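Please read the following note beside the sequence and the model.

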Amino acid sequence: MKRTKEQAAVTYNRLLDAALTVFSAKGYASTTLEDIAKEAETTRGAIYWHFKNKADLYNALFREISVQSGTIATQAIAEGGSCRETMGRIMLRLLAQIERDDRLCSIMEIKLFKTGVAPELMEEVQRQREEGHLLLENIARYVQQGIAVGDIRPDVEAMEVARAFLAMLNGLTTLWLYDSRAFALSANAQTLADIFVRGVEPPH
């Protein structure tokens, strides 16, 4: 039984790898399950054993972004420090990771530029929207703690700082993915994170 579970895990990961390759090459709309099965050197039946349909496979692939981002943020928070220091650390590491991790980069490129509008993905889009609202609220609560202890400037709303944080992260990521030759993301990550940190620094 243990070997069967291990084999299933190998097949599951091979299907995700194949989907990433085909989605990157053809985009979501033009990709078929036959394409993915061929790339994975398996059958459509193997896909249906692990995933309900193409959308389910796509969504599983993109959940990797949330897992990886969450891990980076959790580790950064666990290291301690002020609110500003921690938010700067998270931004620095996330920006650097995007350029360093080819798989993560490819997944984000598909999401931003190669998906389009697909009705079967709307349920997942709504789930991500709700997840985004929750993330904003959690960041805002963390920022509010920073305001309370004098680490964040008192003349700003915690939610606005949270929105600025995510907007800067998402905007820089999109700009770099659109044209990675325009600037080096990881090399400039520290400077970019410092710009945000100084922007919320309280007056001396």
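1. In which helix is the place of G146? G146 lies in helix α7, residues 122-148; helices are DSSP runs of H or I with at least four residues, strands are runs of E with at least two, and both are numbered from the N terminus.

2. This is a predicted model, in which local features need pLDDT of at least 70, side-chain atom pairs count only at pLDDT 80 or more, and totals for chains, interfaces and linings use all residues. Residues are numbered from 1 along each chain as its sequence is written, and side-chain values use heavy atoms, with hydrogens and water left out.

3. G146 counts as buried, at 2% relative accessibility. The term buried means under 20% relative accessible area, exposed means over 50%, and partly exposed lies in between (1.4 Å probe, protein chains only).

4. Leaving aside residues up to four places away in sequence, G146 touches C83, D151 and I152, where contact means heavy atoms within 4.5 Å. G146 and D194 are 48 residues apart in sequence, and their C-alpha atoms are 17 Å apart in space.

5. The whole structure holds 7 aromatic pairs. Rings of Phe, Tyr and Trp (its six-membered ring) pair if their centres lie within 6.5 Å; planes under 30 degrees apart are stacked, over 60 edge-to-face, and the rest tilted. One of the pairs, Y28 with Y58, is edge-to-face, with 4.9 Å centre to centre and 70° between the planes. Y28 lies in the loop between α1 (2-26) and α2 (33-40) and Y58 in helix α4 (residues 54-78), so the pair ties together parts 30 residues apart in sequence.

6. Y28 is buried at 1% relative accessibility, and Y58 is buried at 7%. F23, Y28, Y58 and F62 form one aromatic cluster.
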